Amino acid sequence: MAEQDVTVGQLLLAEYQSVKDEQKARIGFRDNLLYVTLAVVAAVIAAAAQAKRTEMLLALPPVCVVLGWTYLVNDEKISAIGRYVRGESGARLAELAGAGTAEAFRWESFHRDDARRFSRKLVQCVVDLLAFCVVPLSALVVYWGGGQVSAGLLAVSVVEAGAVVGLGVYVVRYAVPFGGGGGSGA
């Protein structure tokens with residue numbers, strides 16, 4: 001029966017595998033959100049252009065805000081898992097193994113120390129802003145400049161603009177200083 005006992009180390013390794021599996025799934029989901037956003041943007045723009053109805057562009061801001069927020073939340077969870085493994089899980093396992101905390105799960109810290117990390121984070125922040133904020137704001141500008149603005153849709157579009165700007169603030173706050181809140185990866 002003694003060989004069937006589960007050790008703390010085995011539990012920590014099982015937990016590590018579980019959180020890494022969750023992280024991997026979230027990375028795939030997060031990355032697919034960019035592709036979905038691009039497809040929706042292309043479809044809405046094509047439909048609006050074909051119908052010659054700029055008010056159809058008002059569909060972009062809510063879709064981009066929902067997809068952008070979902071992207072951001074998943075990105076934060078991906079980063080939180082990385083922080084947890086680097087801090088809590090790695091330290092506890094290293095302690096059990098009698099090793100220094102720098103010895104457990106070294107890749108979790110190693111890959112974060114390359115010279116181009118800051119520039120990658122900056123570019124990712126710009127990409128996130130373009131995909132989830134600049135595109136829907138541009139759609140609103142096109143609608144506003146289209147000449148057929150009704151009072152009701154103008155009010156809706158102003159609320160949409162506020163939501164998009166709010167998302168943009170969160171995207172930047174999360175990214176700056178490109179590691180403070182996590183930002184695009186583990």
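Here is a walk through the fold, from the overall layout to a few individual residues. What you're looking at is a predicted model, in which local features need pLDDT of at least 70, side-chain atom pairs count only at pLDDT 80 or more, and totals for chains, interfaces and linings use all residues. Residues are numbered from 1 along each chain as its sequence is written, and side-chain values use heavy atoms, with hydrogens and water left out.

Let's start with the big picture. The protein chain has five helices and zero strands, with helices being DSSP runs of H or I of at least four residues and strands runs of E of at least two, numbered from the N terminus. Of its 186 residues, 35% count as buried, meaning under 20% relative accessible area with a 1.4 Å probe and protein chains only (exposed is over 50%, partly exposed in between). Take the contacts (heavy atoms within 4.5 Å) between residues at least 6 apart in sequence: 76% of them join residues at least 24 apart.

Now for the inside. The largest nonpolar core has 15 residues; such a core is a set of buried Ala, Val, Leu, Ile, Met, Phe, Trp, Tyr and Cys residues joined through side-chain atoms within 4.5 Å. Leu34, Tyr71, Phe132, Cys133, Leu167 and Val171 touch the most other members. Two or more residues each come from α1 (8-51), α2 (60-97), α4 and α5 (151-175), and α5 gives the most, with five. Leaving aside neighbours within four places in sequence, Val171 is in contact with Leu72, Cys125, Asp128 and Leu129.

Some nonpolar side chains sit on the outside, though. Phe118, Leu122, Val126, Leu130 and Val134 make a surface patch with about 430 Å² of accessible area together. Patch members have over 30% relative accessible area and no salt bridge, and nonpolar side chains (Val, Leu, Ile, Met, Phe, Trp, Tyr) are joined within 5 Å; a salt bridge is a side-chain nitrogen of Lys or Arg within 4 Å of a carboxyl oxygen of Asp or Glu. Areas come from the Shrake-Rupley method with a 1.4 Å probe, and for residues only the protein chains shown count as cover. Val126 lies in helix α4 (residues 117-145) and counts as partly exposed because its relative accessibility is 42%.

Lys20, in helix α1, is in contact with Val85 and Glu108, neighbours within four places in sequence aside. Lys52 belongs to the loop between α1 and α2. Lys52 has a positive phi of about 55° although it is not a glycine, and at 72% relative accessibility it counts as exposed.

Technical notes:
Patches are made of residues with over 30% relative accessible area and no salt bridge: like charges are joined within 9 Å, nonpolar side chains (Val, Leu, Ile, Met, Phe, Trp, Tyr) within 5 Å.
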